[in-house]
Each structure stands twice: as C-alpha cells, then as structure tokens.
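Work through the exercises below with the sequence and the model at hand. Try each task before reading its solution.

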Amino acid sequence: MTDTSTDSGRRARLLELTRERAWKDNVDVTLASGKRSTFYVKGKEISLHPEGLNLCARLMLEQLEEFPEITAIGGLTMGADPIAGAICALSWDLGRPLDAFLVRKEPKGHGLGSAVEGTLHKGQKVAVLEDTITTGGSARKAVDAVKALGAEPMVILALADRLDPDGDGFREEFDVRPLFNVNDLRGEAN
C-alpha cells in the first residue's frame, strides 16, 4: 500500500485509485458537454469513496494554501457536492475553516428561488470545485452564479482535466488546477 503520510504519497495513491475506479478507456460515451468520447473519468467513483474523497479533499486543501484569501469552496451540483462537503469538514479539523456552497443547475422553484445554497457575500473570495473538466461548462455555470452574488472566483480546482481542446478558452480565462489530467491517467508524460 502507498504511504499517504506525505503530499506525494497521497497524490500517488489518489492517482492509483482514480485509475482503478474512475478511469475508463476504449469506451463510447456521451459527456455532460454533449460531446462523444472514447474515454471517461467517472469522478463520483472517487468523490463517493471514503479513501478517494479524503485524499482528494486533502490534496485540494493543500492547493488552497496558495490562496489564504479564499474563505469558501463549492461548485455545480452534483460533481462538486461531496468534494465541497469533505473540504469544508476537513478544513475545520486543520484550523483553516472554509464555508461550502452548492450551485443548483436551475434556481429553486420555491422559497426564495435560490441558485446557490450556502452563504456567499459580495467581495468574498472563493474556489470553484469540479470533479472532471471537459469544456469547463459546468464550472462556468458555478462561476457565473458566484459572480451574480458579488463573490469572486479565484481558482478552479478539479480532480481531473480531460485536456479537451474545447476547454482551452476556459483554461486561458481561469486559473484551473486539476489534481490530474488525461495524460496522468493514461500514464503518459505531460
């Protein structure tokens, strides 16, 4: 078993788990973006697994050390939900409490019609989370909802980036920091 007491050990173990549980190659799938693909990263196989989610949350929290001004994390439901909850809980234990927020795909049809669950305020610095990035469309919806509340997205954190050329514009516009990309999952040099 991989030693997970170090950053590099946690990363190596999460990569191993992601390859075992979430990585699918030589398949025919339709992605959330509507694109067809011959490979797939099923992020929920990591974010709904106890060891996988713990490792993902720890590694993302380590990335957030570069952003001390960030006080909340979250993203579009469902990809970001478990990751946001895990980071929120772990952040308390590690002495850097971060609030979590969830962005609905459609504003709530009752109550106050909220598009975002959790408290965000004007000027607040946040990280947007995603499990897998293809074109950046889901993360962009979260970014737009955050901006509509006056909060400021500082970084996009993801488990995996498929490095799809249709996401190049998104990657140029935002600071996107995946834990892994498709080359890592394939075992290829970047």
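Buried means under 20% relative accessible area, exposed means over 50%, and partly exposed lies in between (1.4 Å probe, protein chains only). The model is predicted: local features need pLDDT of at least 70, side-chain atom pairs count only at pLDDT 80 or more, and totals for chains, interfaces and linings use all residues. Residues are numbered from 1 along each chain as its sequence is written, and side-chain values use heavy atoms, with hydrogens and water left out.

**Exercise 1. Cysteines**

Task: Determine how many disulfides the structure holds.

Solution. Apply the cut-off: a disulfide is a pair of cysteine sulfur atoms within 2.5 Å. The structure holds zero disulfides. Take C56: its nearest cysteine sulfur belongs to C88 and is 15 Å away. C88 is likewise in no disulfide, with the sulfur of C56 as the nearest. Now check accessibility. C88 is partly exposed, at 27% relative accessible area. C56 is buried, at 1%.

**Exercise 2. Aromatic pairs and charges over a ring**

Task: Find the aromatic pairs and classify their geometry.

Solution. Rings of Phe, Tyr and Trp (its six-membered ring) pair if their centres lie within 6.5 Å; planes under 30 degrees apart are stacked, over 60 edge-to-face, and the rest tilted. The count comes to two aromatic pairs.

Helices (H or I, at least four residues) and strands (E, at least two) are DSSP runs, numbered from the N terminus. W23 lies in strand β1 (residues 23-30) and F39 in strand β2 (residues 36-41), so the pair ties together parts 16 residues apart in sequence. W23 is buried at 13%, and F39 is buried at 11%.

The other pair is F170 with F174, also tilted, at 5.0 Å centre to centre and 45° between the planes. Both F170 and F174 are buried.

Finally, look for charges. A charge sits over a ring if NZ of Lys or CZ of Arg is within 6 Å of the ring centre and within 35 degrees of the ring normal. R162 lies over the face of F39 at 4.0 Å from the ring centre. R186 lies over the face of F39 too, at 4.6 Å.

**Exercise 3. Salt bridges**

Solution. A salt bridge is a side-chain nitrogen of Lys or Arg within 4 Å of a carboxyl oxygen of Asp or Glu. R13 is in helix α1 (residues 7-22) and E51 in helix α3 (residues 50-63), 38 residues apart. R13 is buried at 9%, whereas E51 is partly exposed at 23%.

K125 and E152 also meet at 2.9 Å, N to O. K125 is in β6 and E152 in β7 (residues 152-161), so this pair ties together parts 27 residues apart in sequence.

D161 and R171 form a salt bridge at 2.7 Å, N to O. Both D161 and R171 are buried.
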